Amino acid sequence: MKIAIIGSGGREHAICQKVYESKKAKKIFCIPGNGGTHTIAENVMLDLKNFKEIKSFLIKENVDLTIVGPEEPLVNGIVDFLKKHKLKVFGPDKFCSQLEGSKIFTKKMCDLKKIPTANFKIFKDSISCLEYLENKRYPLVVKADGLAAGKGVYICENYKEAKK
């Protein structure tokens with residue numbers, strides 16, 4: 001099988017390593033890959049935001065399966081796009097990727113489906129948020145909605161930190 005792995009992080013590197021160990025893998029492409037994946041796969045420098053370019057490459061190389069790791073292309077619908085073009089791809093579709101892409105979506109889904117989760121409050125403006133935070137017990141966690149590249153969670157020890 002020819003397999004493409006989309007991403008360049010440690011998660012994608014680990015996936016690449018396990019695919020490399022499979023007897024079924026005949027050729028591995030990492031898009032874009034990293035300094036370590038080049039020893040077990042062919043790194044291909046493509047823009048992860050350019051789904052058409054990725055699709056063209058996958059078709060040209062007769063890739064049998066594409067595995068998508070990074071959140072941004074998942075949230076932007078790369079799985080839906082590739083499936084629409086009859087390409088085999090592993091990863092959550094755009095709707096399901098909202099679980100990673102939106103803390104609000106995830107919390108609402110947990111609430112709707114009665115999945116245990118920490119208490120939460122959603123704010124549309126900073127004034128009501130700050131009023132709420134004035135009277136809370138600390139420490140508490142503040143999360144930003146949307147993709148935050150691993151930087152969207154803040155553990156606040158006091159109101160001053162939460163306000164910041």
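Predicted model: local features only at pLDDT ≥ 70, side-chain atom pairs only at ≥ 80, totals over all residues.

Modeller: Residues are numbered from 1 along each chain as its sequence is written, and side-chain values use heavy atoms, with hydrogens and water left out.

Colleague: How many aromatic pairs does a search of the whole structure find?

Modeller: The search finds 4 aromatic pairs.

Colleague: Why is the pair of Phe 29 and Phe 57 called edge-to-face?

Modeller: Rings of Phe, Tyr and Trp (its six-membered ring) pair if their centres lie within 6.5 Å; planes under 30 degrees apart count as stacked, over 60 as edge-to-face and the rest as tilted. The ring centres of Phe 29 and Phe 57 are 5.1 Å apart and the planes stand at 90 degrees, so the pair is edge-to-face. The pair also links distant parts of the chain, with Phe 29 in strand 2 (residues 27–32) and Phe 57 in helix 2 (residues 51–60), 28 residues apart. Helices (H or I, at least four residues) and strands (E, at least two) are DSSP runs, numbered from the N terminus.

Colleague: What makes Phe 29 and Phe 57 count as buried?

Modeller: Buried means under 20% relative accessible area, exposed means over 50%, and partly exposed lies in between (1.4 Å probe, protein chains only). Phe 29 has a relative accessible area of 1% and is therefore buried; Phe 57, at 10%, is therefore buried as well.

Colleague: Which label does the aromatic pair of Phe 51 and Phe 81 receive?

Modeller: The pair is tilted, with 5.8 Å centre to centre and 45 degrees between the planes. Phe 51 lies in helix 2 and Phe 81 in helix 4 (residues 78–84), so the pair ties together parts that are 30 residues apart in sequence. Phe 51 and Phe 81 are both buried.

Colleague: How do you know that Lys 18 and Glu 21 form a salt bridge?

Modeller: In general, side chains of opposite charge can pair when their charged atoms come close. A salt bridge is a side-chain nitrogen of Lys or Arg within 4 Å of a carboxyl oxygen of Asp or Glu. For Lys 18 and Glu 21 the closest N and O atoms are 2.8 Å apart. Both residues lie in helix 1 (residues 10–21), 3 residues apart, about one turn of the helix. Lys 18 is exposed because its relative accessible area is 56%, whereas Glu 21, at 45%, is partly exposed.

Colleague: Where do the partners of the salt bridge between Lys 27 and Glu 42 lie?

Modeller: The closest N and O atoms of Lys 27 and Glu 42 are 2.8 Å apart. This pair links distant parts of the chain, Lys 27 being in strand 2 and Glu 42 in strand 3, 15 residues apart. Lys 27 has 32% relative accessibility and therefore counts as partly exposed; Glu 42, at 35%, is also partly exposed.

Colleague: Which residues are linked with Arg 11 in a network of salt bridges?

Modeller: Arg 11, Glu 12 and Glu 71 are linked in that network. Between Arg 11 and Glu 12, the closest N and O atoms are 3.5 Å apart. Arg 11 is partly exposed at 46% relative accessible area, while Glu 12 is buried at 5%. The structure holds 6 salt bridges.

Colleague: What makes Thr 37 count as buried, and what does its side chain reach?

Modeller: Thr 37 has 2% relative accessibility and therefore counts as buried. Thr 37 lies in the loop between strand 2 and strand 3 (42–43). Its side chain reaches the backbone nitrogen of Asn 34 at 2.8 Å. Contact means heavy atoms within 4.5 Å; not counting residues up to four places away in sequence, Thr 37 touches His 13, Cys 16, Cys 30 and Asn 43.

Colleague: Why is Glu 157 called partly exposed?

Modeller: At 47% relative accessibility, Glu 157 falls in the range for partly exposed, and therefore counts as such. Glu 157 is in the loop between strand 7 (153–156) and helix 8 (159–163). The C-alpha atoms of Glu 157 and Pro 139 are separated by 4.3 Å, although the two residues are 18 residues apart along the chain.

Definitions and conventions:
Polar contact = N/O pair within 3.5 Å; in protein donor to acceptor, adjacent residues only side chain to side chain.
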